[in-house]
Amino acid sequence: MSDVIYPRDYSLLGRDAKRAGEIGLSNAQWYAAPIPRARIKELMKRSDGPAIRDSIIWFASFIITAGLAVYFYPGWGCIPFFIAYGVLYGSSTDSRWHECGHGTAFKTRWMNDVIYHIACFMIMRPPTIWRWSHTRHHTDTIIVGRDPEIAIMRPTVILRTISLFFAIPQTIGAIKNLLIHVSGHLTVEELTYVPEMERARVYLVARIWMALHLAVIALAFYLHSWLPVLLVGPLPTMYGAWVHIITGLTQHGGLAEDVLDHRLNSRTVLMNPILRFIYWNMNYHVEHHMFPMVPYHQLPKLYEEMKPYTAPANTSVINAYREIIPALLKQAKDPSYAIPRKLPEGVSLMTETIAAE
Amino acid sequence: MTQWIEACAKDDVAQEDVKRFDHAGHTYAIYRSPDDKFYATDGLCTHEKIHLADGLVMDHIIECPKHNGRFDYTTGAAKGAPVCVNLKTYPTKVEGIKVFINIA
């Protein structure tokens, strides 16, 4: 749009936040595919079975990989098991945080809450803060100045993007914010989306987490061993982050900002069963954003229902990065560029897309 | 004071489901519980004004379709983040095949 000023201001209190409110991009009406209510109801139905099964496998995988890593430590043989453990700790927790935060993974509420809190601790996302930030992400998906979860801001800073794979900026930010929360404060941006009544819980959880982290460090000193900090805390969050960044950047990477249609700013990517287990089917991302009440285990069916209304899915992670990497490089020089999405013949936008004008 | 208005036919709402009803510029949600009782609340989520009739009814809970905020539709009670403000509820009655709500 002609009134867009580059570089964009991604802060939640800045120029583009004000602009989004003024031109109706904030809290707006979004396109929804015309799936019959009866079918959506079927797909929205909750059950505990799939997530209990997956969680048993998940916990067993933690125990096995950690056990073998400790068994072979400090020999070279421990490395593959630490890599696998790290992926569980620093990557699979992204999707567990996400699905259980929506409350859709399990039918039983407390099960969602238990897994949510475990995953939040591992991936170092304060549970209350991130529940609210993700709420905003769904209200104002990739709306500049409104969405606190835009992973790659434009112009692309290549080194920062690479550092995401090792969770460097995320972990530094998490530790900084943990200290702020421990002291009984929120950041100025968090104050814009976390209601007053929720704030005491943020401080309480931060203090519990700080105690846990300090206990792990104390144990490492006591044992004269790196093992405790290699298994719990910021280190596994960092060395295990790469898979969730590979999968996570496909969600919106390179696509349009400031459009009111998830088909234009989100990406569905077909993935293999192992990645889909780690990622809990969040590769069906257009479908998830359009119908966030559909549990992860029903998203493949929703994907089939939505095919007539959406652009074709990327056929693999490699296929997705074939368009993402050139787009990010181009956006480093031209932040107005976005990967165009071609919708099926005869399917048009419900609302005019604002940024494409 | 009471002001009963006809909202829908009984069969317009399946058991354990919800239906939107608009009247005089206001939106309501009419619920039919699993035990075949009817309830009514304001139709928009107190969090971000999303139509609850597009949401999911589970027992006595309505879940907002946008952010999964949950209310007990029999009392209007908000059940936790991201919904913090209760829903307004309205009395209902069934006469023959019709469902009425008292909007007074």
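## Chain A: size and fold

For the 357 residues of chain A, a compact globule would have a radius of gyration near 21 Å, and the chain has 21 Å, so the two agree. This holds for a predicted model. Taken along the principal axes, the C-alpha atoms of chain A fill a box of roughly 65 × 40 × 40 Å. The secondary structure of chain A consists of 17 helices and 0 strands.

In chain A, 43% of the 357 residues count as buried. Of the contacts in chain A with a separation of 6 or more, 68% are accounted for by residues 24 or more positions apart.

## Chain B: size and fold

Chain B has 11 strands and 0 helices. Its radius of gyration is 13 Å, close to the 13 Å that the globule rule gives for 104 residues, so chain B is as compact as a globular protein of that length. The C-alpha trace of chain B spans about 40 × 30 × 20 Å along its principal axes.

Of the 104 residues of chain B, 39% count as buried. Contacts between residues at least 24 apart make up 41% of those in chain B that join residues at least 6 apart in sequence.

## Two open sheets in chain B

One open sheet of chain B has 4 strands in the order β2-β3-β4-β9, with antiparallel pairing. Strands β2 (17–23) and β9 (89–90) of chain B stand at the edges with a single partner strand each, so one side of each has no neighbour in the sheet. The pairing of β4(B) (residues 38–42) with β9(B) is antiparallel and runs over 2 bridges. Within this pairing, A40(B) stands opposite Y90(B) of β9(B).

Another open sheet of 4 strands in chain B has the order β5-β6-β7-β8, also with antiparallel pairing. Its edge strands are β5 (56–58) and β8 (77–78) of chain B, each pairing on one side only. Strand β5(B) is joined to β6(B) (residues 61–63) by 3 bridges, and the two run antiparallel. L56(B) has E63(B) in β6(B) as its bridge partner.

## Pairings of β11 in chain B

Strand β11(B) (residues 98–102) pairs with β1(B) (residues 4–9) in the antiparallel sense, over 5 bridges. In that pairing, C8(B) stands opposite V99(B) of β11(B).

Strand β11(B) is also joined to β10(B) (residues 92–95), by 4 bridges and again in the antiparallel sense. Here K93(B) has F100(B) of β11(B) as its bridge partner. Strands β10(B) and β11(B) form a hairpin with 2 residues between them, and G96(B) in the turn has a positive phi of about 65°.

## Nonpolar core

The largest nonpolar core has 88 residues, and the members that touch the most others are V18(B), A29(B) and I30(B). In soluble globular proteins, nonpolar side chains tend to be buried together.

Leaving out residues up to four places away in sequence, V18(B) touches V13(B), A29(B), I30(B), Y31(B), L52(B), A53(B), G55(B), V57(B) and I62(B).

## Contact between the chains

The contact takes 16 residues from chain A and 12 residues from chain B. On the side of chain B that touches chain A, the residues divide into 6 nonpolar, 3 polar and 3 charged.

## Confidence

The model scores pTM 0.92 and ipTM 0.85. Chain B has a mean pLDDT of 94, with 100% of its residues at 70 or more. Chain A averages a pLDDT of 95, and 97% of its residues score at least 70.

Where does pLDDT stay under 50 in chain A? The stretch is residues 352–357 of chain A, for which the model has 18 contacts beyond four places in sequence.

Note on methods
Residues are numbered from 1 along each chain as its sequence is written. Chains are lettered from A and ligands numbered from 1 in the order in which they are written. This is a predicted model: local features need pLDDT of at least 70, side-chain atom pairs count only at pLDDT 80 or more; totals for chains, interfaces and linings use all residues. A nonpolar core is a set of buried Ala, Val, Leu, Ile, Met, Phe, Trp, Tyr and Cys residues joined through C-beta atoms within 7 Å. A residue is buried if 20 or more other C-beta atoms lie within 10 Å of its own, exposed if 12 or fewer, and partly exposed in between; C-beta atoms are placed from the backbone. Two residues are in contact if their C-beta atoms, placed from the backbone, lie within 7 Å. Two strands pair if DSSP finds at least two bridges between them. The radius of gyration is taken over C-alpha atoms; the globule rule is 2.2 Å times the number of residues to the power 0.38. Ala, Val, Leu, Ile, Met, Phe, Trp, Tyr, Cys and Pro count as nonpolar, Asp, Glu, Lys and Arg as charged, and the others, Gly among them, as polar. pLDDT is the predictor's confidence in each residue, from 0 to 100.
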